Amino acid sequence: MASSRFQIQPDEAVLLRVTHSNIKSFSAEIRFSLQSSVEAVKDKLWRKCGTSVNSMQLELYDDANSKISNLTDDSRPLGFYSPFDGYRLHIIDLDPSSVTAGGWLEDISSVEKYSISEEAYDKRDGTFRKFKEKMAAQNPSAFAPKITDDYMEDLCANIKVGDRCEIDPGEKRGVVKYVGRAESLAPGFWVGVQFDEPFGKHDGMVKGVRYFDSPPLHGALIRPDKVKVGDYPERDPFEEEEI
């Protein structure tokens, strides 16, 4: 009985990750028939990356990124090199004048950007701006800001820096350290509180903006409707509750 070095079942295929020497952003998962010749694989890849068959060298890497072999024989079937799902097929473009050389396919700095003036855009029909204007005219409340810049400003009239306060709910006590807007958080007015105990979330800095100073995990920004000011003494942490 005749024997062969390897046998490939009909329609057997493998899913390989493909990378390119000149196009660093190129990475694709492509399924190949193990019966396809290396030349046929190159032809398939040429249609996807632009490197010509005659200028293409292929390398096979396993899933640990160790090189398995060079696919040097174009007449061999892909299955001869024993690739498995998840292996990487790396394309090396040997042509110095290739369309992929120099990385210009990835450099968009020289591409002329389309621009349009505000006046010209306003004259166009069917734009999103015109659609939004039409919808706003039909239902103004739907496009009105949900929270305005002066949201809860009136509630801050009797809250000033230095006031003792208690937060409701939770009855956490502290001192007011800031009253005003916090654009990095949300529109409207906020009260910065330094808690007596580490019940806070920060030290007075929120998303890179410092609103006040406090010890770590003692600071919080809270809506004014949750803040009650008054003569709230610090609680004794060792005070025992009655049973």
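Surface patches of charge are made of residues with over 30% relative accessible area and no salt bridge, with like charges joined within 9 Å. In this predicted model, one such patch is negative and brings together Asp 149, Asp 150, Glu 153, Asp 154 and Glu 183. Glu 183 sits in the loop between β7 (172-182) and β8 (186-195). Its relative accessibility is 64%, so Glu 183 counts as exposed.

Other charged residues are paired. Side chains of opposite charge can pair when their charged atoms come close. The model has 13 salt bridges, including those in the table.

| Salt bridge | N to O distance |
|---|---|
| Glu 59 and Lys 67 | 3.3 Å |
| Lys 228 and Glu 166 | 3.6 Å |
| Asp 203 and Arg 210 | 3.3 Å |

The pair of Lys 228 and Glu 166 joins strand β12 (residues 227-229) to strand β6 (residues 164-167), so it ties together parts that are 62 residues apart in sequence. Glu 166 is buried at 7% relative accessibility, while Lys 228 is partly exposed at 36%. Asp 203 is partly exposed at 26%, and Arg 210 is partly exposed at 36%. A network of salt bridges links Glu 118, Asp 122 and Arg 129.

Helix α1 (residues 38-49) contains Val 41, which is buried with a relative accessible area of 1%.

Note on methods:
Residues are numbered from 1 along each chain as its sequence is written. This is a predicted model: local features need pLDDT of at least 70, side-chain atom pairs count only at pLDDT 80 or more; totals for chains, interfaces and linings use all residues. Side-chain values use heavy atoms; hydrogens and water are left out. Patches are made of residues with over 30% relative accessible area and no salt bridge: like charges are joined within 9 Å, nonpolar side chains (Val, Leu, Ile, Met, Phe, Trp, Tyr) within 5 Å. Accessible areas come from the Shrake-Rupley method with a 1.4 Å probe; for residues, only the protein chains shown count as cover. A salt bridge is a side-chain nitrogen of Lys or Arg within 4 Å of a carboxyl oxygen of Asp or Glu. Lys and Arg count as positive and Asp and Glu as negative; His and the chain ends are not counted. The place of a charge is taken as NZ of Lys, CZ of Arg, CG of Asp or CD of Glu. Helices (H or I, at least four residues) and strands (E, at least two) are DSSP runs, numbered from the N terminus. Buried means under 20% relative accessible area, exposed over 50%, partly exposed in between (1.4 Å probe, protein chains only).
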